[in-house]
Amino acid sequence: MLRLSFTITDTIIDACLRRDGTVNRRLFSFVDLKRSPSAKPANGVTTSDTTVDPSRNLWFRLFLPTESATACENLPVVVQFHGSGFVFFTADSKLFDDFCRRLSRDLPTAVFSVNYRLAPEHRCPTQYDDGFDILKFIDENPPPNSDLTRCFIAGDSAGGNIAHHVAERAGEFKFRNLKIQGLIPIQPYFGGEERTASEIQLVGAPVVSMGRTDWCWKAFLPEGSDRDHPAADVFGPKSGDISGVIFPKCLLLIEGFDPLKDWQKRYCEGMKRNGKNLKMIEYPKTIHSFYGIPELLESSLFMKEFRNFIYFQ
């Protein structure tokens, strides 16, 4: 059933990617189920939406656990960026609402799920601008039940890419209340012009096939750029020097059947080479986006690692 679901979703997503570089968003809406915010607890979590800038549809969804032991506490903050190639889904998509709800309840933590603008309508660095502006808004408008001195920036897939670049900006900015304690890129979306061994071996993998990945990079990167752009290849031939940038400790998640895993390992090497504190965890039997399937053992193991990283390091 799970394999069939992936196949159907992949087929529809590929059909949405037009040859002229635009997206058929009406067709995509058939697989992008939405969930409204709710002050009434659902699965132990309440949600609310806050608009930061209506002119660019910039907002976030706040998830707060309601269990008696945590409801009155000031919880660690996770600023979460959703994935899907910078092109698809939003913070109110059921897929990511479910994931953030689970993070908030199980860790527990206050989760801020960011609704950033999408490519190709809005190209890089728009998504980084939106993400950093959310951090500044939270810093200036402390929300309830949130300990801003324990803030973690996280993101899955393309969101992991955004999380890195937002954390880089945050390392050069002086916040009033916010203290970034950690960076959590979950199978982050990095790439380059070179075809790595994992991309060649796993060319037809679900979720991140090479054809779709190439399309998304072309839609996201600035006009005229190739995949060696530093937004894609953080430590590539066109990247800058980040050795002097202050980064928090980092927890990097990699999957064994992810075509992007070689780029993620290069990211790990580059961060360590530049003196950054990074721990890498690889689940060799899993595919891209496995963490969103609670029934999988590895998904539960990942949640435990996530919690330990926030509370015990």
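The largest nonpolar core of this predicted model contains 70 residues, among which V79, F81, F88, L135, F220 and Y267 touch the most other members. A nonpolar core is taken here as a set of buried Ala, Val, Leu, Ile, Met, Phe, Trp, Tyr and Cys residues joined through side-chain atoms within 4.5 Å. Residues are classed as buried under 20% relative accessible area, as exposed over 50%, and as partly exposed in between (1.4 Å probe, protein chains only). A second, separate core of 23 residues includes L107, I281, F302 and M303. Local features were assigned at pLDDT of at least 70 and side-chain atom pairs counted at pLDDT 80 or more, whereas totals for chains, interfaces and linings use all residues. Residue numbers start from 1 along each chain as its sequence is written, and side-chain values use heavy atoms, with hydrogens and water left out.

For F190, which lies in the loop between β6 and α6 (197-201), the relative accessibility is 2%, so F190 counts as buried. Residues up to four places away in sequence not being counted, F190 touches N161, H164, W217, A232, V234, L260, W263 and Y267. The C-alpha atoms of F190 and A39 are 37 Å apart in space, and the two residues are 151 residues apart in sequence.

The strands and helices named here are DSSP runs numbered from the N terminus (helices, H or I, at least four residues; strands, E, at least two). An open sheet is formed by 8 strands in the order β1-β2-β4-β3-β5-β6-β7-β8, with mixed pairing. Two strands are considered paired if DSSP finds at least two bridges between them. Strands β1 (45-53) and β8 (278-283) are the edge strands, each pairing on one side only. Direction ignored, neighbouring strands of this sheet are turned by 20° against each other on average; axes are lines fitted to C-alpha atoms, for helices over the stretch in contact, and angles run from 0 to 180 degrees between N-to-C directions.

Strand β3 (75-81) is mostly covered, 7 of its 7 residues being buried. It runs parallel to β5, to which 7 bridges join it, and V79 stands opposite I153 in β5. The pairing of β3 with β4 is also in the parallel sense, over 5 bridges, and A110 in β4 is the bridge partner of V77. Further along the sheet order, β6 (residues 180-186) and β7 (residues 249-255) run parallel and are joined by 3 bridges. L253 in β7 is the bridge partner of I186.

Helix α3 (residues 94-106) lies across β1, β2 (58-65), β3, β4 (110-115), β5 (146-156) and β6, and runs at about 40° to β2. Its end C-alpha atoms are 18 Å apart, which agrees with the span of 18 Å that its 13 residues should have at 1.5 Å a residue; the expected span is 1.5 Å times one less than the number of residues. Buried residues in α3 are F96, D97, F99, C100, R101, R102, L103 and S104.

A search of the whole structure finds 28 salt bridges, each being a side-chain nitrogen of Lys or Arg within 4 Å of a carboxyl oxygen of Asp or Glu. In one of these, the closest N and O atoms of R56 and D133 are 2.6 Å apart. R56 lies in the loop between β1 and β2 and D133 in helix α4 (residues 126-140), so this pair ties together parts that are 77 residues apart in sequence. R56 is buried, with a relative accessible area of 18%.

The relative accessible area is 28% for D129 and 28% for R169, and each is partly exposed. Through shared partners, salt bridges join R35, D49, R61, K94, D97, D98 and R101 into one network.

Methods
Contact = heavy atoms within 4.5 Å.
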